[in-house]
Amino acid sequence: MSTGAGIDYSAWDHVYVSDDEDVTSPYVDTQSLFRMRHRARLERMVAFQQRGEELENNISECKRLLEAGQGRLKDLEDGKKEGEEEEEDEEREAELKKVQGEVKKLKKDEKSFQKMIEEYRREEKKQPWDVDNISKDGFSKSVLNIKPVTKEETEKEKVAKHKTFVEKYAKEIKHFGMLRRWDDSQKYLSDGPHLVCEETANCLVVICIDFQIDEKPALMEQVAHQAIVMQFILDLARTLKVDARGCFREFFSKIKTADKPYLDAFDQELDLLKDRIRRCARARVENTVKELEEEERQMRLGPGGLDPLEVYQSLPKEVQKGFDEKNIQLLQEAMSKLGVEEGKYHLRRCIDSGLWIPQSGDSDDEEEDGEDEEDDS
């Protein structure tokens with residue numbers, strides 16, 4: 001079928017009309033009939049395809065056997081030309097005839113299969129088109145818009161990630177912390193968007209605490225300002241549910257033209273951060289002082305594990321005076337005035353703390369003297 005315009009529609013002459021267009025009896029369930037016809041058509045199509053596959057397999061196997069037979073036949077013919085003994089020559093002759101017969105039969109089978117294949121292909125071209133074979137997928141691809149499940153990081157992994165990031169970008173983070181103008185900060189983050197993350201905000205806070213400990217409040221306030229800038233960018237990203245690296249420009253556009261309530265909220269967060277930094281710096285200094293005092297105390301401990309300073313402060317005034325003047329006689333007199341148990345107690349603590357280093361037997365002699373004085377009294 002063709003038209004005057006030269007368009008050939010003959011390709012559509014054998015399109016199979018849909019089952020849905022058939023007129024059926026009102027006493028027949030139309031949908032069930034359609035499903036039955038469709039299923040029968042699919043079964044016929046599958047059976048036809050299987051027949052074609054079997055023919056292809058058969059002709060492939062026939063060709064393989066034919067090649068093997070021809071190779072065997074050539075070997076036998078070559079051996080016959082070399083000239084062998086009479087008995088072996090007869091056996092080879094018999095085998096040669098057998099192989100020749102097999103090769104002849106295989107050639108005949110190959111021609112037969114070839115004719116069957118050609119007939120199958122002619123029949124395939126005459127098959128009517130329907131909804132199941134009128135077209136084929138050029139490609140098939142499915143994309144599911146599902147957010148992948150991310151494994152929550154452990155505290156140890158977070159610390160390791162933060163440490164690695166800071167070691168790699170410490171210089172860039174500190175440079176960002178020293179920027180004062182909005183435009184400079186925006187340009188710097190545009191050149192290094194990898195800095196727009198939680199690790200940068202945390203690192204800036206740590207730098208603020210170090211400046212506060214070093215008694216550099218002006219630098220602390222400057223870096224704290226940039227830390228709040230980064231925190232506001234991250235908060236905006238969480239609100240919009242987007243990557244922070246893609247929305248920091250929106251923050252700078254907003255802050256440059258922000259109204260008074262937004263700027264007041266920014267300043268309030270900045271003041272709160274400064275207060276937290278001062279408290280953290282104060283707490284760190286106090287902890288450092290306590291650690292140093294504990295180290296000094298551990299270094300002062302005597303052979304018995306007592307702190308000589310604490311032992312000295314617990315001694316009676318007269319005993320302290322003897323230690324201050326380094327007067328052994330005065331110490332002995334002060335100890336003799338104490339009770340036996342009290343004297344033993346203080347003497348043992350002095351020895352354990354290292355305030356008193358007795359000679360061999362001194363402590364025992366003093367204890368005995370104390371007991372004798374008690375008996376005399």
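Visitor: Why is Leu219 called partly exposed?
Guide: Its relative accessible area is 31%. With a 1.4 Å probe and protein chains only, under 20% is buried, over 50% is exposed, and what lies in between is partly exposed. Leu219 therefore falls in the intermediate class. This is a predicted model, in which local features need pLDDT of at least 70 and side-chain atom pairs pLDDT 80 or more, while totals for chains, interfaces and linings use all residues. Residues are numbered from 1 along each chain as its sequence is written, and side-chain values use heavy atoms, without hydrogens or water.

Visitor: Which residues is Leu219 in contact with, leaving aside its neighbours within four places in sequence?
Guide: They are Met178 and Phe211, contact being heavy atoms within 4.5 Å. Leu219 belongs to helix H6, helices being DSSP runs (H or I) of at least four residues, numbered from the N terminus. Its C-alpha atom is 9.4 Å from that of Ile207, 12 residues away along the chain.

Visitor: How do you know where the buried residues of H7 fall, seen down its axis?
Guide: In helix H7, residues 248-256, the buried residues are Phe248, Phe251, Phe252 and Ile255. Seen down the axis, they fall within an arc of 95°, so they line one face of the helix. The arc is taken over the directions from the helix axis to the C-beta atoms.

Visitor: What lies nearest the centre of the largest pocket?
Guide: Lys161, Cys197, Glu198, Glu199 and Arg238 do, among 20 lining residues. Helix H3 (155-177), helix H5 (198-213) and helix H6 (217-240) are the elements that each give two or more residues to this lining. A pocket is an open set of points on a 1 Å grid over the protein atoms alone, where a 1.4 Å probe fits with protein on both sides within 12 Å along at least five of seven lines; lining residues have an atom within 4 Å of a point. The space in this pocket is about 610 Å³.

Visitor: How do the residues of that lining divide by class?
Guide: Six are nonpolar, three polar and 11 charged. Asp, Glu, Lys and Arg count as charged.

Visitor: How much space lies in the second largest pocket?
Guide: About 510 Å³. Its lining has 16 residues, and Met45, Phe48, Gln49, Gln127 and Asn133 are the closest to the centre. H1 gives the largest share, five residues.

Visitor: What makes Lys256 and Asp183 a salt bridge?
Guide: Their closest N and O atoms are 2.5 Å apart. A salt bridge needs a side-chain nitrogen of Lys or Arg within 4 Å of a carboxyl oxygen of Asp or Glu, so the pair qualifies. Lys256 lies in H7 and Asp183 in helix H4 (residues 182-191), so the pair ties together parts that are 73 residues apart in sequence. Arg181 also forms a salt bridge with Asp183, at 3.6 Å.

Visitor: Which parts does the pair of Asp210 and Arg284 tie together?
Guide: The closest N and O atoms of this salt bridge are 3.0 Å apart. Asp210 lies in H5 and Arg284 in helix H8 (residues 260-300), so parts 74 residues apart in sequence are tied together. Asp210 is partly exposed at 34%, and Arg284 is partly exposed at 35%.

Visitor: Which residues do salt bridges with shared partners join into one network?
Guide: Arg181, Asp183, Asp184 and Lys256 are joined in this way. The structure holds 16 salt bridges.

Key: Grid points are joined across faces, edges and corners, and a volume is the space filled by probe spheres set on the points.
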